[in-house]
Amino acid sequence: MRFLRLGSAGMRGEIGAGLTTPLIIDFASALGTYLDGGKVVIATDTRFSSNMVRHAVISALLSCGCEVVDAGIAPAPVLHFAIPYIEADGGVLIGAGHHPDGWNAIVPLAANGAYFNAVQQQALLDIYHSRRYRQSRWDDFGEMESTSEKIVEGYLDELCGNLDVDAIRDRNFKVVADFCNGSGALLSERFSDRLGIDMIPINDVDTGVLPHDPEPRPRSSTQVQSLLKPLRADAGFVFNSDMSRAAVVSSTAETLSEEYTFPLVADHVLVESGSGAMVVTNTCTTRTLDDVVAKHKGVLVKTKVGQAQVIDKMLEINADLAGDGSGSVALGSFIPGFDGFMIMGKILECMALRNVTSAELAAALPRYHIVKRKIECQSANAYTLLRGIQNQFPDAELSEDDGIRFDWPDGWVHLRASSTEPVIRMILEWKTKAEAEDRASYIRGLLERLVAE
């Protein structure tokens, strides 16, 4: 396993084993150089290592002459909002989101609050690899200030401006929310007060320790699931540590796959957007989303895997909605980033306006069974192997936009070489569990035989 990753999501890795202080300083210095000593907003999550990373990043940025605006511990969506709100030149999100304890990340954001696009990423990495950084004179270092409370209130104002607050308040929803001891817990009370929600937060203590796998998915939702029925709650939500992803637990205590978060939001938002609405996702998001977009006569645009690619395409085509199968959703009329608070608000808004339960919303979605597997393969051989399997399924529609994908009327399979491990990643989805498992076993066997040849 690689303990350091450098790419479209910035620099991330396991503290000490991969992500070290010298590397953090180098990467932040490259960003300060790229921004030419401009104004930079930084925010962190609650992990033990975030304070250390924060000090290293601040030192590097100040040495480049940057004006640093410290937002402290703040959810990712607040930082996406804050950068253009105070007219900063960029930002840094410190926090590993869905990665386990021990990991952290430095994620650069552009002046519009979005992830760096491909051109910006390459320019930043060129500076990083050159190791030629901007260095201010001893008497011309940058200065540092803290953000004001106006930024959080401005974020909540704009978020509520995209919701039917009165309809939500009239329902007096009871909600269980698991914040994974992350930065979202800091805004939970103010968010629930704005919407009139009786929110029961769990794992909302800033201890630096993640209470469970921070990636929102059914296996991370069991604590919320156990509380739904005893508390007679209307819905449950499970978030990652920086509030950019969410999974839903229905009123019948069904732990929904994170793949269904985006379709639930889309099925509501596209009613308002009307025919021709643009939706962006990646090449391996559940076909449930395809069905939802088709039902509303929308247009679905698919990108390569990666949150930066999805957001970049949303901005490029002015899409109404963007997201992927990890539980991430962005609203085109709001901030250029993924937002767990917005996800919660839109699902509750849908329940209020349609006068339905969360279980009824979930039951209305088309369902498929998804299988995710890894096939060990040296990186040097992966692309040759993928080319070798292209002609194995003449009855399928073939796409080579991101790895290779085969589509049949009842399902699909997506194969791509991992950029972080010596494996080929396989994601497969079919109408039934039995069919999905059978097809996955067959394709895995085929790949393993090709590897052995």
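**Close-up 1. Asp36, an exposed residue in a loop of the predicted model.** With a relative accessibility of 54%, Asp36 counts as exposed, in a model that is predicted. Asp36 belongs to the loop that runs between α1 (21–34) and β3 (39–44). Although Asp36 is not a glycine, its phi is positive, at about 55°.

**Close-up 2. Asn203, a buried residue in the loop between β9 and α8****.** The relative accessible area of Asn203 is 17%, and this residue is therefore classed as buried, the cut-off being under 20%. Asn203 is found in the loop between β9 (198–202) and α8 (222–231). Phi of Asn203 is also positive, with a value near 50°, in a residue that is other than glycine.

**Close-up 3. The packing of helix α3 against helix α5****.** Helix α3, which covers residues 76–85, packs with helix α5, which covers residues 149–161, at an angle of about 105°, and the two axes are 10 Å apart. Because angles of 65 to 115 degrees count as roughly perpendicular, α3 and α5 are described as roughly perpendicular to each other.

**Close-up 4. The residues that meet where α3 and α5 are in contact****.** On the side of α3, the residues in contact are Pro77, Val78, Phe81, Ala82 and Tyr85, and these meet Lys150, Ile151, Gly154, Tyr155 and Glu158 in α5. Sorted by class, the contact of α3 with α5 has 7 nonpolar residues, together with 1 polar and 2 charged residues.

Note on methods
Residues numbered from 1 in each chain as written. Predicted model: local features only at pLDDT ≥ 70, side-chain atom pairs only at ≥ 80, totals over all residues. Heavy atoms only, no water. Axes fitted to C-alpha atoms, helices over the stretch in contact; angles between N-to-C directions. Helix = DSSP H or I, 4+ residues; strand = E, 2+ residues; numbered from the N terminus. Parallel < 35°, antiparallel > 145°, perpendicular 65-115°, else oblique. Contact = heavy atoms within 4.5 Å. Nonpolar A, V, L, I, M, F, W, Y, C, P; charged D, E, K, R; others polar. Buried < 20%, exposed > 50% of the residue type's maximum accessible area, 1.4 Å probe, protein only.
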